[in-house]
Amino acid sequence: MSTGQAVFAGWMEIPKGAVDENARQHAEEQALAALVDEYATTLYRVAFSVLRNAADAEDAVQEAFLRVLRHRDRLDEVRDRRVWLIRIVWNIVLDRKRRAKTRPETDDVQELARVLPAGGLSADERAMAAQHHAHVLSCVDRLPPKERQVIVLSAFEELSSVEIASVLGITESSVRSRLFRARNLMAGLLNHSRSLR
Amino acid sequence: MKPNENAGNKSVPCSDPQDFEASLRVVATLPAPDGLSDRVRARLRSTPRTARILEWPAAFRNDSAWMRSAAAAAIAFVVAGGGWGVYSRVQPNKVIAMPPHVAAPGGFSNAGAMRTPQTVNGPVLEHPANAPAVPAASPVKSPAPQVIEMPARKDKPSVPASKPDLPQPK
């Protein structure tokens, strides 16, 4: 007899399995809510650094936690949940970025101007800052994919090179060599664009 | 204000190409939108926890015998139709007749060859078991040359080699 049948047919006694099931489900909900509270912001930043759209980034975060919900049985086996979650959202945003068309730089400027913190800047200064950041990000987009991924993740101060290697599934030495190449390429790209102006 | 003067503010653009990481850091430290956690939790709550089980329509359930009969008939029809399709493509009169195997001369096996060339028969020893050892230098008797007889032409009477009916000149 299933739990539901026992509860609805008898009303006289509640099987012990039903209580355990409810308790287990409640514990899972609590654990998941704690994960959301702790890592939603980090995941949002990772998603935004690739997608550069607030709504898309939030959607990616929600999808990441839905995947966690689907695999909640294996949650206890995960050693580093932060890296595990970042890896999930990283795969999601890369997949979305691959499917989406290239976003024009003007969209990036408008979105950055909207989400950038004011920080005591005037409207003109904010617009100028957004334009500059969008230009830098467009140079990042021109990097080869391997170097681009490493340089985007390296901007997150809370991620060490070991954790970046774990997210990307490569060795730590590969992370360092790719980061070195990416910095050189970025310097060349920015110098070139500045000389054109 | 020059862009590089305000080093403490991350949102201010910088002209040094090496400072591009400041822009990446700005993006990496953006504040999350308000209520993000609440919205994520609300969506997680609205998602069904258990896997949804798809049920067959009533007509497809086990207690409807006529549906099972129809399905069985459809399967039988498909199998029979497929068999008939194969049979109609392979007719017995369309089977390619294979040439008969011709035994190779000389008693050798033809090794399963489809065709063997018609070769001239070689010399046949009359008594191979009782025959004395043939000297190596003795010439091998070649078979008699074949005489090909041409058909006689009808427009011209053939002249015989000897004319016995005519009187011989004396």
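**Ground rules.** I number residues from 1 along each chain as its sequence is written, with chains lettered from A and ligands numbered from 1 in the order in which they are written. Since I am reading a predicted model, local features need pLDDT of at least 70 and side-chain atom pairs count only at pLDDT 80 or more, while totals for chains, interfaces and linings use all residues.

**Chain A, overview.** I looked up the secondary structure and found nine helices and zero strands in chain A, where helices (H or I, at least four residues) and strands (E, at least two) are DSSP runs numbered from the N terminus. From the N terminus on, the elements read α-α-α-α-α-α-α-α-α. Of the 197 residues of chain A, 30% count as buried; a residue is buried if 20 or more other C-beta atoms lie within 10 Å of its own, exposed if 12 or fewer, and partly exposed in between, with C-beta atoms placed from the backbone. I also checked contacts (C-beta atoms, placed from the backbone, within 7 Å), and among those in chain A between residues at least 6 apart in sequence, 58% join residues at least 24 apart.

**Chain A, confidence.** The mean pLDDT (the predictor's confidence in each residue, from 0 to 100) of chain A is 81, and 86% of its residues reach 70 or more. I noted that pLDDT stays under 50 over residues 6-11 of chain A, for which the model has five contacts beyond four places in sequence.

The buried residues I listed in H4(A) include A:Leu85, A:Ile88, A:Trp90 and A:Val93. Helix H7 (residues 145-154) of chain A is mostly covered, with seven of its ten residues buried, and among them are A:Glu147, A:Gln149 and A:Ser154.

**Chain A, H8 against H9.** The axes of helix H8 (residues 161-168) and helix H9 (residues 172-196) of chain A come within 8 Å and cross at roughly 100 degrees; axes are lines fitted to C-alpha atoms, for helices over the stretch in contact, and angles run from 0 to 180 degrees between N-to-C directions. H8(A) and H9(A) are therefore roughly perpendicular to each other, given that angles under 35 degrees count as roughly parallel, over 145 as roughly antiparallel, 65 to 115 as roughly perpendicular and the rest as oblique. I found A:Ser161, A:Val162, A:Ile164 and A:Ala165 of H8(A) meeting A:Glu172, A:Ser174, A:Val175 and A:Arg176 of H9(A).

**Chain B.** I found three helices and zero strands in chain B, in the order α-α-α. Buried residues make up 8% of its 170 residues, and residues 24 or more positions apart account for 0% of the contacts in chain B with a separation of 6 or more. Helix H3(B) is hardly covered, as the count of buried residues among its 25 residues is zero.

**Where the chains meet.** The contact takes 26 residues from chain B and 38 residues from chain A. On the side of chain B that touches chain A, helix H1 (20-28) and helix H2 (36-46) are the elements that give two or more residues, and the largest share, eight residues, comes from H1(B).

How values were computed:
Two residues are in contact if their C-beta atoms, placed from the backbone, lie within 7 Å.
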